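Work through the exercises below with the sequence and the model side by side. Try each task before reading its solution.

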Amino acid sequence: MDSVLSEDPVALKILIAGGFGVGKTTLVGSVSEIKPLRTEEVLSDRGIGIDDLDGVEAKNTTTVAMDFGRITIRDGLVVYLFGTPGQERFWFMWDELSYGALGAVVIADTRRLTDCFPSVDYFEQRGTPFVVAVNCFDGAARHSVDDVRIALDLDDDVPVMLCDVRRRASAKEVMIALVEHSLRTLTSAN
Amino acid sequence: MSDSPRWFDEDAGPVVRPYALIRGRTRSSGDTFDLVASVRAIGESPGELGPEQQLILRAARSPISVADLAVELDLPVGVVRVLLGDLRDQGLISVTSPSAGGARSNERILKEVINGLRAL
């Protein structure tokens, strides 16, 4: 067992989701080195056999940049973070990202709480473990985590926490809460 | 570079569109590559490879993820996947899928990740 673990590199995926401008990029950047990862999957995935591009001069692919971060836990054990566009039209990307993912962080802004509804719905339906991190923006009215839980109609076991994604310590706490939640989900399933 | 032709600036877009590199294909042969699958160069590199494929083989001398390769080559993931498919067909890379280890369901690994995050 030990030798197997030490030989096979392990790569884990964590998704960072939430509405536009809610702090996904900031969270990834707070806990890891961040790089933009380009995809042009709108054309490649959806356009085949449908889009006739002959003679069309306009841009037909949508370049989507995901925030991509990497945390090396040790040699051979790496956690990859993917900050995904929150809009529903990008769900085809989520399908791939959530496959085999360790879990997801849904960032919420209490001023625009509805923005994170699609993310919450998505992970609930997929059975992907997730935590809700309420990003405490300056000037945003503080709500208790219980209020947020009720507003989002979350199951009791889904962790909800307040955070400031600009702060590394706070961002770390969010990541740790997610992995602990994934671990609990795993052990309760066995 | 001041001596490069000025109409080849960033506004003009890439001189070679990404999908021209892969001759218009949008899917790789065989299974698709997970974003976090680990790629490693194997075997002897033949001389007739394209520059992007040579770059991939160079970057994958030690194992590297598909996503990291896309960042390193500054190419869309879809393009990198097609290039990887060609290299795999030629037996020049080995690809380890992350799900093979079942890491998500490994309690010990998750505990290790938690401790690792605390130590960041």
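The model is predicted: local features need pLDDT of at least 70, side-chain atom pairs count only at pLDDT 80 or more, and totals for chains, interfaces and linings use all residues. Residues are numbered from 1 along each chain as its sequence is written, while chains are lettered from A and ligands numbered from 1 in the order in which they are written.

**Exercise 1.** State how many helices and strands chain A has, and give the strand order of its sheet.

Solution. Helices (H or I, at least four residues) and strands (E, at least two) are DSSP runs, numbered from the N terminus. Chain A has seven helices and seven strands. Along the sequence they follow the pattern α-β-α-β-α-β-β-α-β-α-β-α-β-α. Next comes pairing: two strands pair if DSSP finds at least two bridges between them. The seven strands form an open sheet in the order β2-β3-β4-β1-β5-β6-β7 (chain A), and the pairing is mixed. At its edges are β2 (33-39) and β7 (160-163) of chain A, each of which pairs on one side only.

**Exercise 2.** Describe how β2(A) pairs with β3(A), and which strands helix α2 of chain A touches.

Solution. β2(A) and β3 (residues 64-74) of chain A are antiparallel and share seven bridges. In this pairing A:Pro36 is opposite A:Asp67 of β3(A). Helix α2 (residues 24-31) of chain A packs on the sheet and touches β1 (10-18), β2, β3, β4 (77-83) and β5 (103-108) of chain A. Its direction makes about 25° with that of β3(A). Axes are lines fitted to C-alpha atoms, for helices over the stretch in contact, and angles run from 0 to 180 degrees between N-to-C directions.

**Exercise 3.** Find the strand order of the sheet in chain B and explain why β2 and β3 of chain B each have a side without a neighbour.

Solution. Three strands of chain B form an open sheet, ordered β2-β1-β3, with antiparallel pairing. β2 (64-65) and β3 (93-96) of chain B are at the edges with a single partner strand each, so one side of each has no neighbour in the sheet. Strand β1 (residues 38-41) of chain B is joined to β2(B) by two bridges.

**Exercise 4.** List the buried residues of helix α4 of chain A and decide how they are arranged around its axis.

Solution. A residue is buried if 20 or more other C-beta atoms lie within 10 Å of its own, exposed if 12 or fewer, and partly exposed in between; C-beta atoms are placed from the backbone. In α4 (residues 91-98) of chain A, the buried residues are A:Met93, A:Trp94, A:Leu97 and A:Ser98. They fall within an arc of 120° seen down the axis of α4(A), so they line one face of the helix. The arc is that of the directions from the helix axis to the C-beta atoms. The face turned away from this buried side carries the exposed A:Phe92 and A:Asp95.

**Exercise 5.** Classify the angle between helices α3 and α4 of chain B.

Solution. α3 (residues 66-73) and α4 (residues 77-89) of chain B pack at about 110°, with axes 9 Å apart. Angles under 35 degrees count as roughly parallel, over 145 as roughly antiparallel, 65 to 115 as roughly perpendicular and the rest as oblique. α3(B) and α4(B) are therefore roughly perpendicular.

Technical notes: Two residues are in contact if their C-beta atoms, placed from the backbone, lie within 7 Å.
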